[in-house]
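I opened the model today and kept a running log. The entries below follow the order in which I looked things up.

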Amino acid sequence: VRRPPRPTLFPHTTLFRSGYQAGTGAATIARVKNAHRAYQPFGESGEFTLARRRGREIEFILRHRRSDLGKPRPVPFDSSIAEPMRRALSGQSGTMVGPDYRGVTVLAAYEPVEVIDLGIVVKIDLAEIRAPFFKAGGIVAVIALVLIAAGTALFFGFSTPMIRRLRQSEARWRSFTAASLEGLLIHDSGVILGANDSLAETFGYQPEELPGTRVLELVAPESLDVVREKLSWRMAETYEAVGRRKDSSTFPIELSSREIAYEGREQRALAIRDIRERKKAEEELRLSEERFRSVTESAADAIIAIDDHGKIVSWNKGASATFGYREDEVVGSPARRLIPERYKDAHDAGLARLRRGEKSRLIGNTVELDGLRKDGTEFPLELSLGAWMAGERTFYRDRKSTRLNSSHTDISRMP
């Protein structure tokens, strides 16, 4: 019974040079070759052959039993010999009597393996069947046909699940890398097997230029030793280095690596991110913090920063002089320790309102109240409150200066 043609295993993709079809086919053929080494031929001339079509020739993959054992010679596809294999490679299956690759008449069973574009032929010389031991030879031929049927079923039963899993895995990887905005590559011992368009664009290459290139060619000289060492480690990690584009210009990068299954083997996947914008932001933040600290340290007034939970995160020299605490004594502690007991409930309620997103009339205004020194004494002060966002958190700055009169504003009445 002729089987309907099977679809091509994988569509062509430009993402990786070594496409999925070649990888799974090669892995399957290697397993068949290993099994064939232990194969015990039947009869005097029985033989199992496996071949593919290469242009206008039939190229045999498994060794012939009788001739050119070292390297099987190809046979022209349109020649008058190798008829069973020609039919198998043409998508046909069945049995026949006809010339094999030697031109000898044989009884053969043939079957296409369309999923990896191969043909299988099991054959025996017709002369052996017609010999005096015709009956025994006939039995062997029947057994051979049964074996080929069982072998073909076993072949497909073994290879199809494996191919399906590999196809699904690589299809997921291909879809992910194509859609990813960061550079991704797969390498084997530092040699790039495939890379996505984002990585090629980041480093100034065409996608087809990267397979076969060494990963270290994407690294600036000052980072070669670090990246070379990391590439040899078999663990997932993230680290920073300096990248080098095709035009030799350099830029900061972050690399993350991990192991993945690719084409039937464990390979290393490497994600490379351009972190110029992040480094620029970090430098701007550092300079801003330096300017802020310079201003606060030079101020005579007490300048204190607290977070949205009321914890002190910054404390200047003016604050130490005003309240009597050293910076290491108060940073990380509640700011409510700096106010008398009668203000603390209002202070906590005000922070709670701010965390809920409610506005406060204290922010941007100056109020008068009493402060509490380390020694427990109270003193009058003026307070100016400001707020700013950092990430998803809100911070508040108190600027306090002492005053001479004792009148104060009742902050419990101010939202």
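**Entry 1: Thr-250.** I began with Thr-250 and placed it in strand 10, which covers residues 250-262. This is a predicted model, and I read every entry with that in mind. Is Thr-250 buried, exposed or partly exposed? Its relative accessible area is 43%, so I logged Thr-250 as partly exposed. I then listed what it touches, leaving out residues up to four places away in sequence: Ala-220, Val-242, Gly-243 and Arg-245. I also checked the distance to Leu-218. The two C-alpha atoms are 9.4 Å apart, while Thr-250 and Leu-218 are separated by 32 residues in sequence.

**Entry 2: the whole chain.** I stepped back for the totals. The chain has 415 residues, and 42% of them count as buried. I counted ten helices and 16 strands. Next came contacts between residues at least 6 apart in sequence. Of these, 45% join residues at least 24 apart.

Entry 3: I went through the bridges one pair at a time. Strand 1 (residues 47-54) meets strand 6 (residues 118-125) over five bridges, in the antiparallel sense. Within that pairing, Thr-49 has Val-121 as its bridge partner. Strand 6 also pairs with strand 5 (residues 105-113), antiparallel, over eight bridges.

On to strand 2 (residues 57-60). Four bridges connect it to strand 1, and the two run antiparallel. Arg-54 is bridged to Glu-57. Strands 1 and 2 make a hairpin with two residues between them. I checked the turn and found Gly-55 with a positive phi of about 65°.

**Entry 4: aromatic rings.** I searched for ring pairs and found five. I looked at Phe-323 and Phe-379 in detail. Their ring centres are 5.5 Å apart and their planes lie at 70°; edge-to-face requires over 60, so I logged this pair as edge-to-face. Phe-323 belongs to helix 8 (residues 317-323) and Phe-379 to strand 15 (residues 378-390), so the pair ties together parts that are 56 residues apart in sequence. Both phenylalanines, Phe-323 and Phe-379, are buried.

**Entry 5: charges over rings.** I looked up two cases. The charged end of Lys-230 sits over the ring of Tyr-239, at 5.5 Å from the ring centre. For Arg-342, the charged end sits over the ring of Tyr-343, at 5.0 Å from the centre.

**Entry 6: Asp-370.** The side chains of Arg-342 and Asp-370 are joined by a polar contact of 2.8 Å. I located Asp-370 in strand 14, residues 366-372. Why does Asp-370 count as buried? Its relative accessibility is 11%, and the cut-off is under 20%.

How values were computed
Residues are numbered from 1 along each chain as its sequence is written. This is a predicted model: local features need pLDDT of at least 70, side-chain atom pairs count only at pLDDT 80 or more; totals for chains, interfaces and linings use all residues. Side-chain values use heavy atoms; hydrogens and water are left out. Buried means under 20% relative accessible area, exposed over 50%, partly exposed in between (1.4 Å probe, protein chains only). A polar contact is a pair of N or O atoms within 3.5 Å; within protein, one must be able to donate a hydrogen and the other to accept it, and residues adjacent in sequence count only if both atoms are side-chain atoms. Contact means heavy atoms within 4.5 Å. Two strands pair if DSSP finds at least two bridges between them. Rings of Phe, Tyr and Trp (its six-membered ring) pair if their centres lie within 6.5 Å; planes under 30 degrees apart count as stacked, over 60 as edge-to-face and the rest as tilted. A charge sits over a ring if NZ of Lys or CZ of Arg is within 6 Å of the ring centre and within 35 degrees of the ring normal.
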